[in-house]
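This explanation leads the reader through selected side-chain contacts in one structure. Please keep the sequence and the model in view while reading.

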Amino acid sequence: VYRWLMRLHWDADLRFAEKTPRNCFLVHFLAEAFPDSQFVHIIRDGRDAALSYAKKPWLQAASAASDKIEPGGYRYGPYARFWVERDRVNEFETTSDLHRCIWAWRRFTESALKSAQTLPEHRYYELRYETLVRCPADESDRLLNFLGIEANESRALFHSVTGQAKTDSVGLWKNELSEQQKQQVNRESGPLLRQLGYLEA
């Protein structure tokens, strides 16, 4: 499947980009399968990420009766995915939507950070969502330079897209999460939030 998708690059000199979050569990495989690949890790405050994710149907308890299937093969709803710790499956499936989403953020981010340690600098780039939103031009240039994209037309197109980022998407959790939800988030992901500088020591 990946070889077939790469034809986009070979046939039209385009760069194939795959953004499925679950790829963070496949970094070793992808790095070996595609020796020239580069990995861009966009890190966002887990509280904002979970809040945004919770508004999607994929992990919502209300989606359990929908019979819809996500691209990864899992049914929509509060069902434990492969990345849920075995001894916590019942907890995952019975907790709140927000808790499941901060749980997902923690597991995905931990996996990506761990995998990044095995990649050389020219293959791994870490980008903070908040910095991109606040300084889109500078951050876009850094990312484009890392990717080796020099064509003026391509760079201008990328800038036009990142320039549309909304600054009000940062810090939404402060007003939209209840105190109880904030405590739940901190219990599940406090150490990682603190490690990444989102939570004061």
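Which residues do ring pairs link into a cluster? In this predicted model, the cluster consists of F25, F82, W83, F92, W103 and F108. The structure as a whole holds 7 aromatic pairs.

The rings of F25 and F82 form an edge-to-face pair, with 5.1 Å from centre to centre and 75° between the planes. This pair joins distant parts of the chain: F25 belongs to the loop between α2 (7–12) and α3 (27–33), F82 to the loop between α4 (46–54) and α5 (89–94), and 57 residues separate them. F25 counts as partly exposed at 24% relative accessibility, and F82 is also partly exposed, at 47%.

F25 pairs with F108 as well: the ring centres are 5.1 Å apart and the planes stand at 80°, so this pair is edge-to-face. Here the loop between α2 and α3 is linked to helix α6 (residues 97–116), which contains F108, 83 residues away from F25. F108 is buried, with a relative accessible area of 15%.

Arginines also meet aromatic rings. R88 lies over the face of W103, at 3.9 Å from the ring centre, and R44 lies over the face of Y129, at 4.4 Å.

The cysteines remain to be considered. The structure has 0 disulfides, because the sulfur of C24 is 15 Å from the closest cysteine sulfur, that of C101, which is too far for a bond. C24 is buried, with a relative accessible area of 10%, and C101 is buried at 2%.

Note on methods:
Residues are numbered from 1 along each chain as its sequence is written. This is a predicted model: local features need pLDDT of at least 70, side-chain atom pairs count only at pLDDT 80 or more; totals for chains, interfaces and linings use all residues. Side-chain values use heavy atoms; hydrogens and water are left out. A disulfide is a pair of cysteine sulfur atoms within 2.5 Å. Buried means under 20% relative accessible area, exposed over 50%, partly exposed in between (1.4 Å probe, protein chains only). Rings of Phe, Tyr and Trp (its six-membered ring) pair if their centres lie within 6.5 Å; planes under 30 degrees apart count as stacked, over 60 as edge-to-face and the rest as tilted. Helices (H or I, at least four residues) and strands (E, at least two) are DSSP runs, numbered from the N terminus. A charge sits over a ring if NZ of Lys or CZ of Arg is within 6 Å of the ring centre and within 35 degrees of the ring normal.
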